[in-house]
Amino acid sequence: MKSPNHVRIPLPELTSSAKSPSKLAHSSTPDRSQNRRKRKRNEQETLKPDSPRCFAGADSFHCLRSSSRRCRRRSGTEQRTRAERYRRWAYSSRDSSSFKDKVVVVSYNILGVENASKHPDLYFKVPQRFMEWNRRKKLIRKEINRYNTSILCLQEVDNFDDLNDLFRKDGFKGVYKARTGEAYDGCAIFWKEDLFTLLHQENIEFQSFGLRNNVAQLCVLKMKPNQSELDEHPQTMLPPTQSRSFVIGNIHVLFNPNRGDIKLGQVRLLLEKASKLSQEWGSIPVILCGDINSIPQLDVQLHDRRNISGQVEFQSKCRVFRSQDEKASSCSIRTSISRPLFHRWSDEELRLATGSGEVTYLQHHLKLCSAYHGVPASCRTRDDFGEPVATSFHSKFMGTVDYIWHTEEFVPVKVLETLPVDILKRTGGLPSKKWGSDHLALVCELAFVDNCCGDSPL
């Protein structure tokens, strides 16, 4: 995989107030004791915290220097917890004041309970209390509500009833699709019931296409009119219904790093189904979320199907090629599988990846933009192509496998930055005291526009 950017910047620390007075020793000489108290009061009055110091490339963080020795004596656990809190919104430079209809979309692999229990080697550095589901689900709920979420796409859901009960209290309604086969987890889509109406729902069982037991979901949602605006301006002409309806897709792609052909096949089918559904409902916009289990900017010509995802341990590297006329972007699914050039693919591998043993060029019809690529931010949290450096971290992997893509009828207004690599490493691994999964949630606010988003279509 592509190595993360390592920037040697000190961790942000909170500014401390003046040093707390230590307990004064009892003295047999009253005058000496009184002088000590006086000197202590003077010290407290004169000691002040230093001014904040910001570092280049750390625009998503408030990096403060403390003059207090007490701050330096904080335990490693406390410092890690404070550092983990620093996820900041990055805002688009585009003027979004004219955009009225917006949605906040979250994509989140929440770490299935069964998957965690079957792979303890991935979490041996994580305290057991941080792995407990009863604790993690409360953290996840609290986090989701903090983002003012409109739509939530979850992966690795194996306790849907628990989540459904929790999110119902927050005004969400949801649908669930379990994986086929022996696995217990699946995908779930939730939406705020006062904001959207569900018009259509369908699922993809990849087993039906010879592509393992993973699943995907597709829903058509329609925004409900803002009742307060209707009451205030009853004569206002609302946009056509179809212009405020859209497709929302959710997928958890096969993990197996050795079956890149199946990964491509699953993504191909999702794109085909999403495009078809969009056309059936009047060419409505599309939002796709999920854990793709592949790193950004992977050229399949450089790999056989066993390494196509780039999903190897995070110290490895992956070379990336782009054509000169293609702008840097990380959600290009259009790709060439030219067997004579680098690696020979079998007819069966081609069939699984492209749908036909005779096709060596995979292309979709959706003009997709990456939400995170559309809002530039700090080099501490982004790679050279504008995607997060890491969305998942455990003992054997650190990298980006989660994405939010959208068609050109949307523009990103803001995205929630992930955590820099140095801070992630200090946690020792996810989940942690602050975060309820081994993935970080991707969060973006998208606005409807009447014309093209202006980004390079993919």
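The model is predicted: local features need pLDDT of at least 70, side-chain atom pairs count only at pLDDT 80 or more, and totals for chains, interfaces and linings use all residues. Residues are numbered from 1 along each chain as its sequence is written, and side-chain values use heavy atoms, with hydrogens and water left out. The chain has 458 residues, 50% of which count as buried, and its secondary structure comes to 11 helices and 17 strands.

**Overall make-up**

- Helices (H or I, at least four residues) and strands (E, at least two) are DSSP runs, numbered from the N terminus.
- Buried means under 20% relative accessible area, exposed means over 50%, and partly exposed lies in between (1.4 Å probe, protein chains only).
- About 22,600 Å² of the chain is accessible surface, and carbon and sulfur atoms account for 46% of that area; the areas come from the Shrake-Rupley method with a 1.4 Å probe, and for residues only the protein chains shown count as cover.
- Of the contacts between residues at least 6 apart in sequence, 77% join residues at least 24 apart, a contact being heavy atoms within 4.5 Å.

**Salt bridges**

- The structure holds 14 salt bridges, each defined as a side-chain nitrogen of Lys or Arg within 4 Å of a carboxyl oxygen of Asp or Glu.
- One of them joins Asp121 and Lys396, with the closest N and O atoms 3.0 Å apart. This pair links distant parts of the chain, 275 residues apart: Asp121 is in the loop between helix 4 (113–118) and helix 5 (128–131), and Lys396 is in the loop between strand 13 (392–394) and strand 14 (397–399). Asp121 is partly exposed at 33% relative accessibility, and Lys396 is partly exposed at 39%.
- Lys137 and Asp162 also form a salt bridge, at 3.4 Å from N to O. Here Lys137 belongs to helix 6 (residues 133–146) and Asp162 to helix 7 (residues 160–169), and the pair links parts of the chain 25 residues apart. Lys137 counts as buried at 15% relative accessibility, whereas Asp162 is partly exposed at 26%.
- A salt bridge between Arg259 and Asp261 has an N to O distance of 2.9 Å. Arg259 is buried at 19% relative accessibility, and Asp261 is buried at 0%.

- Six strands make up an open sheet of mixed pairing, in the order 6-7-8-9-15-12. Its edges are strand 6 (196–205) and strand 12 (368–370), each of which pairs on one side only. Neighbouring strands are turned by 20 degrees against each other on average, direction ignored. Two strands pair if DSSP finds at least two bridges between them.
- Strand 6 pairs with strand 7 (residues 215–223) in the antiparallel sense, over nine bridges. Glu202 has Leu218, in strand 7, as its bridge partner.

**Cysteines**

- The structure holds zero disulfides, a disulfide being a pair of cysteine sulfur atoms within 2.5 Å.
- Cys444 is in no disulfide, and the nearest cysteine sulfur, that of Cys289, is 6.9 Å away. Cys444 counts as buried, with a relative accessibility of 0%.
- Cys369 is also buried, at 3% relative accessibility.

Technical notes: Axes are lines fitted to C-alpha atoms, for helices over the stretch in contact, and angles run from 0 to 180 degrees between N-to-C directions.
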